[in-house]
Amino acid sequence: RAQWFLNSVVEHLPIPVFIKEAKELRFIHWNQAGERLTGIPNAEMIGKNDHDFFPPDHAERNVAKDRAAFEKKGLLEIPEEIIQTRNHGARIVHVWKVPIFDTAAQPAFLLGICEDITDRKHAEAALAQSNSLLNAALESTADGLLVIDNHGHVTSCNQKFLELWQIPPALAARRDDKEWLQHVTNQLAEPAEFLAKVEALYHTLEASSHDELRFCDGRVFERYSQPQRLADQVVGRVWNFRDITARKQAEAALERSHELYRRAIIAANAIPYQKDYAADSYVFMGEGITDLLGYTPVELRSAVWKEIIQETIFLGPAAGMPAAEATRRVLAGELKSWQTDHRIRTRGGEIRWISDCSVPLRAADGKYVGSIGIIQDITERKRAEVELYQSEERFRLLVEESPDMIGIYQEGKLVF
């Protein structure tokens, strides 16, 4: 009964088990799991040896390992071996071979246990491939990446992180977050604030953050941080550092340039604008428009302009054209710019002159969607022009009515 129970247990084990007699290494037991793995039924296997089922070189390797187990007089483990099966093709198995000796210490049987590790090996290969791709992606990014677990241990970082923070190889090898923190804080303009933010995030596992770090040498880093999750559990924190020094310098230079342009425009008594014709409103209107017209940019819609404009003079390529013709040519793309002088009545009733110089804005499909331009107060210039014209007219009348002959010579020629 004990033998029946033991045979039943072996027969129903979920992993292949076989027993060979020691003299000719013929199979005397082959369980159901072995049948399922190899596709060879028990009845066909019993009484046969490896040469009856496998190619000669494969059979010789199996026999050599069987004999090695007897010589070792102990467990022989074969971590990986590829076998050809009838139903599943090539499979990878992990094999244990256990020699069994009789009471006279002579080889009697060989117990073999196999584990099909094909799926595991494929999963490991897929994981290795995935890790390889991930590592390649981490190393190819321009950002420095650091991953810390909940115990303050460095679990991962890329080379860019070490370069950005100038961490020497010996310190990098120790992968101690506290040592790294001490090293990096010595480089920062505000180390106390940096450490406070780090500690706050380590104590608030779910929090994310984004800020900027300024260095003593003038560098500026952008810092992102978010929790690392495994399923629904926070297992660490991911830090992302990007050197934005060049961008900050460019932004500062651009800001200086904008300030210079702004001052130049103010000095020229000019008001820049951008108008959206679909919305009939200004995307942007510069300083001074309310002082000039008495209307806010929000109020300055087409109806208001029609009300306050008393006279329009087209200049440049559109000089002398009726308003409708000039507008048609701009919309058709025949005119690349728009230059007019307007006589207007301000909200307070004052008559003033303004110059409007603009260029059209077009969408990707070529449709006219708005314009950008500059408005200038030319009231004083217009008054000077009128005064000059009146002075010239008075001089002309004086000359014409004079009883004397009056002439003007210039470079030996009579010009009047």
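**Surface, overall form and cores of a predicted chain**

The protein chain has an accessible surface of about 25,800 Å², and 56% of this belongs to carbon and sulfur atoms (Shrake-Rupley method, 1.4 Å probe). The model is predicted: local features need pLDDT of at least 70 and side-chain atom pairs count only at pLDDT 80 or more, while totals for chains, interfaces and linings use all residues. Residues are numbered from 1 along each chain as its sequence is written, and side-chain values use heavy atoms, leaving out hydrogens and water.

The secondary structure comes to 14 helices and 18 strands (DSSP runs, numbered from the N terminus: H or I of at least four residues for helices, E of at least two for strands). With a radius of gyration of 46 Å, well over the 22 Å that the globule rule gives for 416 residues, the protein chain is more spread out than a compact globule (C-alpha atoms; the rule is 2.2 Å times the number of residues to the power 0.38). The C-alpha trace spans about 160 × 55 × 50 Å along its principal axes. Of the 416 residues, 33% count as buried, that is, under 20% relative accessible area with a 1.4 Å probe, protein chains only.

The largest nonpolar core has 24 residues, of which Phe-161, Trp-165 and Trp-180 touch the most other members; such a core joins buried Ala, Val, Leu, Ile, Met, Phe, Trp, Tyr and Cys residues through side-chain atoms within 4.5 Å. Elements giving two or more residues to this core include strand 6 (144-149), helix 8 (177-185) and strand 10 (233-243). Another core, of 15 residues, lies apart from it and includes Ile-271, Tyr-273, Leu-292 and Ile-354.

Notes:
Buried < 20%, exposed > 50% of the residue type's maximum accessible area, 1.4 Å probe, protein only.
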